[in-house]
Amino acid sequence: MEPVDTDVTGQADHDGEASPDTPAPAGSAGAPTLAELLLAVEELWPESLAENWDEVGLVAGHPSAPVTKVMFAVDPTLEVIDEAVEWGAELLITHHPLLLKGVTSVAATSAKGRAVHRLIESGTALLTVHTNGDSAVGGVSDVLADALGLQDVAPLTVAANGLPEEGIGRVGDLADAMSLGDFAARVFGILPSVAGGVRVSGDKDGLVRRIAVCGGAGDSLFNEVRASNADVYVTADLRHHPASEAREAALNGRPYLVDVSHFASEWLWLPAAAAALGNVLADQGHEVEIQVSTTNSDPWDFILTPG
């Protein structure tokens, strides 16, 4: 993935040098505290929208600490944390949780322990916006649907504690029908470059118009996808058995399947999320620099294919 420099506040010139409008030092009137920033995050991605199995919210950080720089990333890997620390971010917001499952130790003898130590010792807070970021308006699947040009978009599953337009996954229509091959090329073209590319199941020349999407792993939503009458389903991490069973259950071969990188499908949300948070903070009179991580945290490095 090519490095992406996303500065949603306009606080820096294009060459990276600080402009006269660079935020005042930590502790100034323009810089919010972490607690104030958490309120802005809650306005955009309420924790009540998170799935009941999920762990979202503040992982590390002192609520009274001032925040002048925020970095967004998909994964809280050690490389991402180092990038945030080196840039001087007081807050790292990641889509994926660092501590989704219970732990009994955060000793620096494990990768997660080293991550926790690095965060605390550097004074960098960590915040998780996971399935609440999936479900909210303008969330992961909304951004994916918009990038694909879908219209009349609705959730695949409506959120239990949200608005009718909130929930996991999205379904909508292309302005005009196109072949599955051309549509797959569109999917490939909007995503950051990763080793795995895009895998497709279906008739390359078959026409598609109604599209279901779910950023991240979405093979638990096949019933909802079929109920939506989608011609094709775009998601990540399609496992052998769910994908095989979906093909067997398909009516006239549909829904076709487009399997993408988990990281790539969710990375699209980061610039939009950074811009949204920047707008909320600016409306509240806060001055904060916000950037998107340039680290590619997709776990795969290369792929071998026939021919």
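Residues are numbered from 1 along each chain as its sequence is written. In this predicted model, local features need pLDDT of at least 70 and side-chain atom pairs count only at pLDDT 80 or more, while totals for chains, interfaces and linings use all residues; side-chain values use heavy atoms, with hydrogens and water left out.

Side chains of opposite charge can pair when their charged atoms come close. Aspartate 82 belongs to helix α2 (residues 78-87) and arginine 118 to helix α3 (residues 111-122), so the bridge ties together parts 36 residues apart in sequence. Helices (H or I, at least four residues) and strands (E, at least two) are DSSP runs, numbered from the N terminus. Aspartate 82 is partly exposed, at 28% relative accessibility. Arginine 118 is also partly exposed, at 30%. Here buried means under 20% relative accessible area, exposed over 50%, and partly exposed in between (1.4 Å probe, protein chains only).

Another salt bridge joins aspartate 142 and arginine 170, with an N to O distance of 2.8 Å. This pair links distant parts of the chain, 28 residues apart: aspartate 142 sits in helix α5 (residues 140-147), arginine 170 in strand β6 (residues 167-179). Aspartate 142 counts as buried because its relative accessibility is 18%. Arginine 170 is buried too, at 1%.

Aspartate 231 and arginine 254 also form a salt bridge, at 3.3 Å from N to O. Both residues lie in loops. Aspartate 231 is in the loop between α7 (222-227) and β9, and arginine 254 is in the loop between α8 (240-249) and β10 (256-260). The two are 23 residues apart. Aspartate 231 is buried at 17% relative accessibility, whereas arginine 254 is partly exposed, with a relative accessible area of 24%.

At 1% relative accessibility, threonine 235 is buried. Its side chain reaches the backbone oxygen of cysteine 214 at 2.9 Å. Beyond neighbours within four places in sequence, threonine 235 is in contact (heavy atoms within 4.5 Å) with Cys214, Gly216, Ala217 and Gly218, and with Val258, Asp259 and Val260.

Definitions and conventions:
A polar contact is a pair of N or O atoms within 3.5 Å; within protein, one must be able to donate a hydrogen and the other to accept it, and residues adjacent in sequence count only if both atoms are side-chain atoms. A salt bridge is a side-chain nitrogen of Lys or Arg within 4 Å of a carboxyl oxygen of Asp or Glu.
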